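Hi,

Here is the structure I promised to hand over. Have a look at it first, and my notes follow below.

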Amino acid sequence: MNKAIVYYTVLMFLGIVGGYLYFMNKIISVIFMAIISAVIIGTMKNKYSILMIIFLILGFGLFYQYFNINVPQRGLYEIKLEEYKEYYTEGEYKGRRIKISFPESKEKIKEGSYIEGYGVFKKEVSYNNGFIGTIYIDYVKNTRGGILQKIYEFRNYTVDSFKEVLGEKRAAVINGVAYGTTDSIDENTMNQLKTLGIIHVISVSGLHIALVFSAVEKVLGYKIALIICFLYVIFTGGKAATIRSFIMIMMMKLSKGLYKKYNPLGALSTSALILLVFKPYFAFNMGFHLSYLSTLGIILFYNRIRKALYKLPEKINSN
C-alpha cells in the first residue's frame, strides 16, 4: 500500500475528531466512529483495514486521555512554569497545558522552573489550545530549576540585550521577528505592521526554521544545524509550524545520510502524526491547519505551477 503513513495520519486525525465529539455528544461520537470504521472495512483489504481502525481508535484514545483527567479541586500541585503572557501564565500539569494565577504580591518565578504550590483548580477546557483549566496558587512551597529554565534564561538575556542596544520599541519588534513574542509590541506598531501587510513576520513559522538551518549548515554542517534548530524550536515555544518544519528538515537530511529517497508528503504526514500523538489538541489548532495545508499545497502544486510559468526567468519561476 503506497504512502500508508498518509492514511494512518488521516485516520489518527479522524479519531481525534471522534474524541472531541465524545465530549460534546456521546451518541454522535459513536455514530461517527462506526461510520468511519464501516467505510474502512468496506474499502480496504483486511490487513490494512485493521491497521486503519487501530490508528482511528488510537486518535480517539489520545484525545480522550488528554482531557479526561481528574485534577484535585484543592491541594498541592506540581507544575512546570513555561511562559508568562500578558494576561496569564502558561504551565504544564501532568503533561497537560494549564493557566496559572499567582498572588499579585508574588515575585516572578523564572520561566522553565518546576513549582510545588498550594492552590485551587478551576476547570476551564479549551480544546483548540489544549488548556484543561486554571490553577490559582495561594503560595509556592518549593521551586527548582532545570534545562528548560537555562534555555529560557538565555533567551531572556538576548531579549534584554536587544533592549539595551536598540531601545524598548525597536527591540520589541526584533524579538517578535526572532522569537514570535508579541506581548511587548505596542498597539500602534502592530497596526502599522498590519497596514503594511507584514504582520506575519512576527509569527515564527517554518520559514524561520529553514532560514536558521540553511545559515548554520553552511558554516557548521547539518548535524550542528539540527541541534541549533531544535533549541530554536524550544526558544519559540514549540509552535506547530516550527515543529513541523524541524521534523521535515531532519527527515530530509537523515534520508540522504541513509541513502533513502526523501518523500515530502510522507515526511509531512509523519510530522503531523508525531505532533498529534504528543499534542492531540493540535487537531483543532488554527496554526496547525494553516501550516500543514499551505505546505501540502506547495508539495502538490509547486511543479505544476512551475511548468505553467515556464516562460518566466528561472530565478522568478523557482521562487
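In which strand does Lys-141 lie? Lys-141 lies in E5; helices (H or I, at least four residues) and strands (E, at least two) are DSSP runs, numbered from the N terminus.

Before the rest, a word on what you are looking at. This is a predicted model, in which local features need pLDDT of at least 70 and side-chain atom pairs count only at pLDDT 80 or more, while totals for chains, interfaces and linings use all residues. Residues are numbered from 1 along each chain as its sequence is written, and side-chain values use heavy atoms, with hydrogens and water left out.

On confidence, the protein has an average pLDDT (the predictor's confidence in each residue, from 0 to 100) of 83, and 88% of the residues score at least 70.

Now back to the strands. Five of them close into a barrel, ordered E1-E2-E3-E5-E4, with mixed pairing; two strands pair if DSSP finds at least two bridges between them. Ignoring direction, neighbouring strands of this sheet are turned by 50° against each other on average.

E4 (residues 114–126) and E5 (residues 131–144) run antiparallel and are joined by 11 bridges. Glu-116 has Asn-142 in E5 as its bridge partner, and Ile-115 has Thr-143 in E5. The hairpin of E4 and E5 has four residues between the strands, and Gly-130 there takes a positive phi near 85°. On E4 there is also E1 (residues 74–84), which runs antiparallel to E4 and is joined to it by seven bridges; Arg-74 has Val-120 in E4 as its bridge partner.

Lys-141 touches Leu-76, Glu-116, Gly-117 and Tyr-118, leaving aside residues up to four places away in sequence; contact means heavy atoms within 4.5 Å. Its C-alpha atom is 9.7 Å from that of Tyr-77, 64 residues away along the chain.

Then the helices. Two packed helices are described by the angle between their axes and the distance between the axes. Axes here are lines fitted to C-alpha atoms, for helices over the stretch in contact, and angles run from 0 to 180 degrees between N-to-C directions.

The axes of H2 (residues 26–43) and H3 (residues 46–67) come within 9 Å and cross at roughly 160°. That makes H2 roughly antiparallel to H3 (angles under 35 degrees count as roughly parallel, over 145 as roughly antiparallel, 65 to 115 as roughly perpendicular and the rest as oblique). The crossing of H2 and H3 is right-handed, meaning that the near helix is turned clockwise from the far one by less than a right angle. Residues of H2 that meet H3 include Met-33, Ile-36 and Ile-40, and among their counterparts in H3 are Met-52, Leu-56 and Phe-60. By class, this contact has eight nonpolar, three polar and no charged residues (Ala, Val, Leu, Ile, Met, Phe, Trp, Tyr, Cys and Pro count as nonpolar, Asp, Glu, Lys and Arg as charged, and the others, Gly among them, as polar).

H1 (residues 4–24) and H3 have axes that come within 7 Å and cross at roughly 40°, and H1 and H3 are therefore oblique to each other. Their crossing is right-handed.

Best wishes
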